[in-house]
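Dear colleague,

I am passing on the structure we spoke about, with the sequence alongside. Please have both open while you read the notes that follow.

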Amino acid sequence: MSVTIKSAKEIELMRESGRLLGIVHRELEKAIKPGISTKEIDRLGEQLIRSMGCVPNFLNYNGYPASICVSVNDEVVHGIPSKHRILQEGDIVSLDAGLIYKGYHSDAARTHAVGAIAPEAQKLIDVTRQSFFEGIKFAKAGCYLFDISRAIWEYAHSFGYGVVEDLVGHGIGTHLHEDPQIPNFPQRRKGIKLMPGMTLAIEPMINAGRPDVAWLDDDWTVVTEDGSLSAHYENTVLITEGEPELLTLYEER
């Protein structure tokens, strides 16, 4: 395993890549409403990314045909946008997006309500988001990957939710997917010790029912096997000497 430690210059580029992606997510959230097609969300996302002088890193990645992964309800990740897939009141929709700024990747995901949703659906979204923040309490120099994974799993599992094990987070930098893999469930081994300068895409994928998932015939869309709802939350995270820095979390500044 070769985990890259970013230089000060690389960290600045990663910060800007993340900041821009945070803006993309903020703008996409504004567009989420009943009646919009998942293809329209993808088109808007690609326009935003390119308007910033960046490149959508998902487009054509291993053959993926879009810039934004748009996954609805029981779709966990990698939903392919379609002009025929129209968001309805009460749906939940996960947007996974990334971009390349001057050779450096960022990656982040959010799950949104479409209009008014059931309390159970909102709870799943909230718990998934909070499981990320429980995990990054341990995203500090001297902690181990195991600590992040265990904290995510324990929090989500305490609500009776299924934590997806077939898909994991990852390192990120000059490539979208770098070492290490970052499970959202505890391993027998501690994994690597975290060091300042590591950049990680930490991304809980949580199902309202069982953790089991399946791939649709398009070879991309991952769904819950039991048809339960799924939520996704991800940020690109910089390990520092102190608290972790969330590079893709948009804040007014």
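Two strands are taken to pair if DSSP finds at least two bridges between them. With that in mind, and remembering throughout that this is a predicted model, please look at strand E12, residues 222-224, which runs antiparallel to E3 and is joined to E3 by two bridges. Within that pairing, Val77 has Val222 of E12 as its bridge partner.

These two strands belong to an open sheet of three strands, whose order is E3-E12-E11 and whose pairing is antiparallel. Strand E3 (75-77) and strand E11 (213-215) are the edge strands, each of them pairing on one side only. On average, and with direction ignored, neighbouring strands of this sheet are turned by 40 degrees against each other.

Turning to the pockets, the largest pocket has a volume of about 440 Å³. Its lining is made up of 23 residues, and those lying nearest the centre are Tyr61, His78, His170, His177 and Glu203. Strand E7 (169-171) and strand E8 (178-182) each supply at least two residues of this lining, and E8 gives the most, with three residues. Sorted by class, the lining of the largest pocket comprises 11 nonpolar, seven polar and five charged residues.

The second largest pocket, with a volume of about 280 Å³, is lined by 16 residues, of which Glu29, Arg110, His112, Arg129 and Tyr233 lie nearest its centre. At least two lining residues come from each of helix H1 (8-31), strand E5 (104-113), helix H3 (119-135) and strand E13 (230-232), while H1 gives the most to this lining, with four residues. The lining of the second largest pocket holds five nonpolar, seven polar and four charged residues.

With best wishes

Technical notes: Residues numbered from 1 in each chain as written. Predicted model: local features only at pLDDT ≥ 70, side-chain atom pairs only at ≥ 80, totals over all residues. Heavy atoms only, no water. 1 Å grid on protein atoms, 1.4 Å probe; cavity = no way out; pocket = protein on both sides within 12 Å on 5 of 7 lines; lining within 4 Å. Points joined across faces, edges and corners; volume = space filled by probe spheres on them. Nonpolar A, V, L, I, M, F, W, Y, C, P; charged D, E, K, R; others polar. Axes fitted to C-alpha atoms, helices over the stretch in contact; angles between N-to-C directions.
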